[in-house]
Amino acid sequence: MDWQTFLREHPDGPLGAYLSKDDQAKLSVAERLFVEGRATLDEVATILEASPDVARDVLGRSGAFKRKKILVCGGAGFIGSNFIRHILDKYPHYEVVNFDKLTYAGNLDNLTGVDRDPRYTFVQGDIADPAAIDKVFSSGVDAIINFAAETHVGRSVYYGAREFVHTNVLGVQTLLEAVKKFKTPRFLNVSTDEVYGELSLDDKRAFDETWPFQPNVPYAAAKAGGDLMCRAYWESYKTPVIVTHCSNNFGPYQHPEKLIPHSIFRAMANQPLTIHGEGQHVRDWIFVLDHCEALDRVLHQGKLGEVYNIGAGNEISVKDIVRLILDILGKPRSLFVNVPDRPGNDLRYSLDIGKIQREFSWSPAHTFEEAMPKTVQWYQANIDWVERVRERDKKSLSYTI
Ligand SMILES: NC(=O)c1ccc[n+]([C@@H]2O[C@H](COP(=O)([O-])OP(=O)(O)OC[C@H]3O[C@@H](n4cnc5c(N)ncnc54)[C@H](O)[C@@H]3O)[C@@H](O)[C@H]2O)c1
């Protein structure tokens, strides 16, 4: 099929009626995969056997490029900023509103370049402020994804949990009220595997989506509170919400108070790397762009009222992560220093990700072995970004993880 000639011969309106059965079938598969976020424009072009430009015109005529406005809360943080880049790159017809309070963890530097995109708008505000939330919802949004949270476990343990409850519980409840009031079709609340509690090192089980919540630190308890609020709004009002629980992320734009960037910067400066206990705690590490792709699938195709685990199956101890960073940077292992363990430091998390793999044929595209050295190189190459964060928030860099 020569789609270009075909488009010229039928200059207006939908094309379906003029297509052969075979081409109709191809177009309908391509449209569905594209609208659900399962195929890129290049992949659609391959299905249609056309160039990406022609594929874009064909999809445009079929209405697949219906504009959508996604409200991203907490988009100035680590995962949220990666997600905004992912969405704007992948969906040329989407608009993104980034609503963020800009706490110490929010950083508009994470969105340099994106801020010049006419499809992107930034609004500063608190997700627990109903008036501010109503204002942003009243302009009409097609879907909302919430990354906004207080996220530093150590802060919640040592410096008080009030802000954690404010944002991670009350903030989520405020968003749920707005979704209900403005009849927003979809709300995805991004959460953590830490709500499930801990496993022993030799436990053969893994947390599935029905595992009971047994949080051991105020951060995880506050996240669990927000997640339970989502469940209750679904059960009580059928508020269209989905919750995801992800394992530990790593990649570009992570605040330097978190283990991996913290270790990279300290090692680069030949400063000791302080690790709680023996560093035997095991986490599952996922590259942030794999998390973003999984969230994209859940946002577009997830079943309302459901919960999905997202992980990568890379169970590695904190000690081994830090050793690897030292090796990548060519630094001596003697920089490694143990300090007393933190209260409530879960020994191990292990996630069962069978549900998301089965339902969306999703699995991480990046191996740990490739993504980790690339992450170290990103921080080495973006030392200005690092220095600006350091300058702004010297206090957070003195914390151990
Ligand atoms: N980083 C991880 O490894 C990981 C793993 C699993 C789940 N998560 C979850 O993913 C989400 C994002 O995590 P992250 O690491 O990107 O966090 P982050 O700390 O880097 O970013 C949080 C963002 O939320 C904003 N924010 C905080 N309070 C707010 C409020 N009241 N109103 C509006 N904005 C507010 C901050 O300014 C910041 O931009 C969190 O909900 C976290 O629980 C993170």
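**Figure 1. Pairing of β5 with β6 in the predicted model.** In this predicted model, β5 and strand β6 (residues 241–246) are joined by 6 bridges and pair in the parallel sense. Within this pair, T192 stands opposite C246 of β6. Helix α8 packs on the sheet and touches β1 (68–73), β4 (143–146), β5 and β6. The direction of α8 makes about 175 degrees with that of β4.

**Figure 2. The open sheet of 7 strands.** The strand order is β3-β2-β1-β4-β5-β6-β10, and the pairing is parallel. β3 (120–124) and β10 (307–310) stand at the edges; each has a single partner strand, so one side of each is left without a neighbour in the sheet. From one strand to the next, the twist averages 20 degrees. Strands of a sheet pair through backbone hydrogen bonds, in either a parallel or an antiparallel sense.

**Figure 3. β4 between its two partners, β1 and β5, in the order of the sheet.** β1 and β4 run parallel and are joined by 4 bridges. The bridge partner of V72 in β4 is I145. β4 and β5 also run parallel, with 3 bridges between them. Here N146 stands opposite N189 in β5.

**Figure 4. Residues around the ligand.** The ligand is surrounded by 31 residues, of which G74, G77, G106, A148 and A149 are the closest. Four elements each supply at least two residues of this shell: the helices α5 (78–90) and α8 (162–182), and the strands β5 (187–192) and β7 (248–250). Sorted by class, the shell has 13 nonpolar, 13 polar and 5 charged residues.

Figure 5. β7 and strand β9 (residues 282–287) pair in the parallel sense over 3 bridges. N248 has W285 in β9 as its bridge partner.

**Figure 6. Packing of helix α2 against helix α3.** Two packed helices are described by the angle between their axes and by the distance between the axes. For α2 and helix α3 (residues 41–48), the angle is about 170 degrees and the axes are 9 Å apart. Angles over 145 degrees count as roughly antiparallel, and α2 and α3 are therefore roughly antiparallel to each other. On the α2 side the contact is made by K26, L27, V29, A30 and F34, which meet V44, I47 and L48 in α3. By class, this contact of α2 with α3 has 7 nonpolar residues, no polar residues and 1 charged residue.

**Figure 7. Packing of helix α2 against helix α4.** Helix α2 (residues 21–35) packs with helix α4 (residues 52–62) at an angle of about 85 degrees, and their axes are 11 Å apart. That angle makes α2 roughly perpendicular to α4. L27, E31 and F34 in α2 meet V58, L59 and S62 in α4. By class, the contact of α2 with α4 has 4 nonpolar, 1 polar and 1 charged residues. L27 and F34 are also among the α2 residues that meet α3.

**Figure 8. Helix α9 and the residue after its end.** Helix α9 (residues 218–237) has 20 residues. From its first C-alpha to its last, α9 reaches 28 Å, close to the 28 Å expected at 1.5 Å a residue. K238 follows α9 and has a positive phi, near 55 degrees.

Key
Residues numbered from 1 in each chain as written. Predicted model: local features only at pLDDT ≥ 70, side-chain atom pairs only at ≥ 80, totals over all residues. Axes fitted to C-alpha atoms, helices over the stretch in contact; angles between N-to-C directions. Parallel < 35°, antiparallel > 145°, perpendicular 65-115°, else oblique. Contact = placed C-beta atoms within 7 Å. Nonpolar A, V, L, I, M, F, W, Y, C, P; charged D, E, K, R; others polar. Near = placed C-beta within 6 Å. Pairing = 2+ DSSP bridges. Expected span 1.5 Å × (residues − 1).
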